[in-house]
Amino acid sequence: MSDVGVGALGALWGKSAERAGGKVNLLISHLLDTAAVAECIWDRLLAPSTKKTLDEVAGAPGGGRRFFAWLCAAHDCGKATPAFQFQWAPGAAAVRAKGLGWHERTVANPKLRWRHELAGAYLLKRQLRAAKWAEQQVTWVWPLIAGHHGVFPDEGRTEPPRAGRGQLQGGTGWAQAQAALFERFTLELGFTDLYEAQPAAVPSRATQLHLSGLIVMADWIASDERHFPGVDQLADVSMTHARERAATAWENLRLRRGWGQLSAPGPEAFRARFGHDPRPTQQLVMEAARHMERPGLLLVEAPTGEGKTKAALIAAEILAARFGADGVFVGMPTQATSDPMFGQVRAWLTALRPDGDLASQVALLHGKRMFNKEWRSLIEGEDGDPEAPFAGIDEYGFCEDEDDYGPAVAAFKGASTPPVSRGPAEWFLGSKRGLLCPFVVGTIDQLLFAATRTRHVMLRMAGLVGKVVVLDEVHAADVYMSQFLVEGLRWLGQAGVPVVLLSATLPPAQREALTTAYLAGAASREEFTADSLPQPTGYPAVTAAWMAPDRSGPRFHVASCASWRPDISAALDVLPETIPAPRSDRTVLDAARRSADDSVVTLLRSQLVDGGCALVIRNTVDRAQSLYRALRAEFGDEVILLHGRLAVGARADRTERCLRLLGAPSQGALPRPSRLIVVATQLAEQSFDVDADLLVTDIAPIDLLLQRMGRLHRHDGRERPPKLRRPRAFLTGTSGSDGGAAPRFLAASEGIYGRHLLLRTAAVTGQSVSKGERSWSLPGAVPSLVSNVYGDDDLLPREWAEDAITARALWAEAQRQRADNATRFLLTRRGDKEGRTLAGLHTVSLPGNGRDTDLDAVVRDGEPSAEVILVIHDGTTYRTLSGRALTVNGDVAEELLDDVLAGTVRLPSGAASEAAGTLGPLPGWLGHPRLRYTPALVLDAHGEGALGEHGVRYDHELGLAVTLARPRRQ
C-alpha cells in the first residue's frame, strides 16, 4: 500500500460535519460502521434460512457473515473519487492537502455528474478484476453497490462520462487511495487480501435483491448521526470501535428478530394455540405442510367459516420450523379486513410465547392503522405522541420522512434515543421499511409493492424473504392486481419463501396460474407450465407444490376432506326489477330506483313478519343509500347502513355494531335482535363475520355471489323464525329472463364486473328458465359453480348466443388491456425473467419516491379516488364533523386529533380529480405533522358544500352524497 494511499484515508470524508453531528466522519469510518451494523443484522435479525443461503454463497459455514459485512463495507466506495470529494469545501481542502487533486470546472460541471453509487460500481469492478475475481462473481456483485440508493442501473451508466477525461475518477494517486481503501476494510474484516473475499457461488437474482435490501438497511442505520457521530482522526478508526458503536445503536433502536429457530409444533400445538382441536380441514392443511420437502406454495380452498386463518397460522409455524423462517407476513384484501387479522395474529403469537415478546412485535401496515384501537394502544410512546418517532434516517443521514412528520421529527432527532413504545421498533415503521419487521399484518398491497419496478423495492423484498407469507382471500385480486401477485410469487419462489394462499375457491385457471408462477420462480424459468398439476377432487381442498430436492421437477400434494359442517340446502330466487335503457333520463332512472326499492321493502315486510335478521347487499353506494331511506320509512331503527362513503369513524362504529349484534357468540357480543336489516355494499363480501337469516343481493360474478351467500346461516345453534329456517337468497339488480331473451343488468354492475361474467352467473342462477328457484347444496357445490361460470363450456341458452359472444369479446379485450396496463410497472419485463443479475432492473423505472401512498395507484387500477377530511364551518369557526370546535383557522389541539381524523371520507371517482386540483389543508393544519398535507372539504352548518361544479352533502345517517355535474358539451 503506497504512502499516498494510506495518508489519503485520513482525509477522504464520507459524511460532512453538517450530516455527522458537527464533526466530519471519515469515509473509512462510515464503511466500517456499516460493516459492523451488518454483523448485528446477521447476529440479531436474519432468519436461519437467510444465513444458510449466504453461507452457501460464501462457500463455508459461517462464511456468509463475513462476506455480508464486506459487501456492506464496500457500498460507499464510490465516494473515494473527485466526483464526490469536491462537493464539501472543508473536506475537499483536506483531500487536496494530501496530494489528491482534480480539475475543478470539470468535476463541478452538472452535465458531467457521476453519482457515487455509480462510481462505486466502477471502482469495485476495477478492484475485483485486479484481484483476479472470477468474472461471474464481479458481474453480480457490482449491481449491489450501484443500486444501494434504490435503483439498479445498466452497466453503461456506471462508466465515468468521457467528457470528464479521467478527472471524475482521478489519476494515479487516486487509484492508490482507492486501492488502500479496499485493502483497509478488507483486512479489518479478517480477510488476508481482496481475493480471499471472493464468494464461492452465484446466488439467485431473488437472493441478490434480498442482499441489496439488507445493504440499504445497514447503510441507513449507520448513517444515523445520533448513534454514529463523526470520527475525524484516522487513529480512532477501527473495526473494534465500529462494533462498539453498532452494538449501542442496535440496543437503542430496539431492533429484534422474530422467533429465531422455531421448534416444530407437535400434535398438541393447535389446541394450545386456539383452544380447540383442529377441524378436518385444519388437519388437512397441517398434514400438507408437513408433507412438503422444500419451501413451496400451499393453497387452501375452503368455505367461509371453515377456519382457514387458524389453519394458515399453524401451517406457518410448521413451515417456519422446517425451512428456517423467522416471522410471518399476513396479507389481507383490504384495510378493513387487516384490522381484525392484526388482533388474531397477536393472539396466536401470545399463545405461542405467552410472555408477550412476540405479540408486541407485530406491525400493522395500512394507511388507516391509527384508527385501530389495538394498534394505537400498542405503539403510543411515553411522550404520548403516537407514530411521530417512527421516521428514522435514510442513506444521506437525513430523516427520511421529515416532510411527513415535520416538527415532531425535529423534536426527537437530536435525542440520543427515540421515545419508547410498547410495539415494534420505531425504525421498522418508517417509509418503505415496515416489511422488515418480524411479524406484519397489512393489505396484500404490501406484497404487490414488492413486485413493482420502483425505488427501494429491494427493501420490500428483503422484508418478505426469511418469512412465511400468508395471503388471505386471493380470489379478491382482479386481473390487474393478479399481474403483480404472479410477479411477486415468482420472486418468492426463487427466494425459497414458503407461501400459504387462502381462498373460498378458485377457478381452475387461476389456481394453475398461481402455482405455475411460484414454480417458475423456483425453477428460475420464464416459460414454465405446471401441466401435471392435479385438480382437487373434493372441497375443502389443499394443493401443495414445490420443486423436488434434486431439482428434477415439481412435486405436488393434493388432498381434500369433508367440511366440519354438513352442507345446507340454500334457495336462490330472482327478484326482478326494471332496468332502464342506457342513457335514460333522470325521470326514468328515479322511477326505476323507487320501484326496485319498493319491491325489496315488500319482500322484507313479508319475510320478516315473524322477525329475523336480513342482509341486503347493493353494488353501489347510491343504491344502498336509496334503499336505506325506503327501509327506514318502513322499519325505523331496525335498519343499519354500511358503505365506503361513510366517514371512517362512523363506519368503524357501525361495523363493530354489526359484528357484535350478528357475529359469532363471543365476549362482547350483544344479544341478537328480534329483527334487523343491514344494508351494505361490497364491504360485506370479505371478512364480515355476520350471520343472516335472509340475504337480498345484487347480482355479481358467481364467486362473489357465493361469498355473499356465505353469510347465510353462518353460525350453528341459532333459533330462527319459522319462515327463515331454510337459508334463502333473493337476486336483485337484474331484469331476469324475459321470454327467453338475455337478462338486463344495472349499468353500474356491468361497469364493475363486465356483462360476460354476469350472463354466465345468470345462467347458473336459474335465469335461463322462466320460473322457479334454484336450490344449491352449499358449500359442496361451490367448486363446480365457480368452475362452470369461469370455464369455457357453453352453458348459455341459444337465445342468448349473440349477446353472449359480444359480451365475451368485450370482456376478453378488457382483461387483456388491464393485464397489459399492469406490465408497464412490473419488476421484470417479458424476456427478462431469467436474468442472472440485477443490472438494469430499473432501466425504465416508475416516477415518484416509492412510498406506499404513491404506489396505491400502481397496483390497483380503476378510476382514481381521493380521501378528504370533512369539516364544518359555522360562519365563525371550524368544527369537526361531530361538532367539536376548532379555531377560526382550523388549528387542532392534540385531544381533538382523533375526532378530526374520524371525519375522513373517500370521494367517488367522478369527484376525485376535482379534489386533487382544488382542495388543500386548512390554514391551521399547515404546521401539523399529520394534517399538513391532508385536504379538507368544508361544509356549511347544514352539511352541504361544493367541490368545483359538483354538489356534496354529508348526512350522518346516509354518509356522503355527491351530485356530479353533467359534463359540458364540447
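Student: How do the residues that line the largest cavity divide by class?

Tutor: The general idea is that rolling a probe the size of a water molecule over the atoms shows where empty space is left. A cavity is a set of points on a 1 Å grid over the protein atoms alone where a 1.4 Å probe fits but cannot get out, and its lining residues have an atom within 4 Å of a point. In this structure, which is a predicted model where local features need pLDDT of at least 70, side-chain atom pairs count only at pLDDT 80 or more, and totals for chains, interfaces and linings use all residues, the lining of the largest cavity has 9 nonpolar, 6 polar and 4 charged residues. Here Ala, Val, Leu, Ile, Met, Phe, Trp, Tyr, Cys and Pro are nonpolar, Asp, Glu, Lys and Arg are charged, and the others, Gly among them, are polar.

Student: Which residues lie nearest the centre of the largest cavity, and how much space lies in it?

Tutor: Among the 19 lining residues, L45, L436, A462, V465 and K467 lie nearest the centre, and the space in this cavity is about 180 Å³, a volume being the space filled by probe spheres set on grid points joined across faces, edges and corners. At least two lining residues come from each of α11 and α21 (457-464), where helices are DSSP runs of H or I with at least four residues, numbered from the N terminus. Residues are numbered from 1 along each chain as its sequence is written, and side-chain values use heavy atoms, with hydrogens and water left out.

Student: What is the volume of the second largest cavity, and which elements give two or more residues to its lining?

Tutor: The volume of the second largest cavity is about 120 Å³, and residues including R205, E487, W491, A520 and K833 line it. Two or more of its lining residues come from each of α22 and α23, with α22 giving the largest share, 4 residues. This lining divides into 2 nonpolar, 5 polar and 5 charged residues.

Student: At what angle do helices α2 and α4 cross?

Tutor: Two packed helices are described by the angle between their axes and the distance between the axes. For α2 (residues 27-44) and α4 (residues 63-74), the axes come within 8 Å and cross at roughly 145 degrees, the axes being lines fitted to C-alpha atoms over the stretch in contact, with angles from 0 to 180 degrees between N-to-C directions. The contact (heavy atoms within 4.5 Å) involves residues including L31, A35 and W42 of α2 and F68, A69 and C72 of α4, and by class it has 9 nonpolar, 2 polar and 3 charged residues.

Notes
On a 1 Å grid over the protein atoms alone, a cavity is a set of points where a 1.4 Å probe fits but cannot get out, and a pocket is an open set with protein on both sides within 12 Å along at least five of seven lines; lining residues have an atom within 4 Å of a point.
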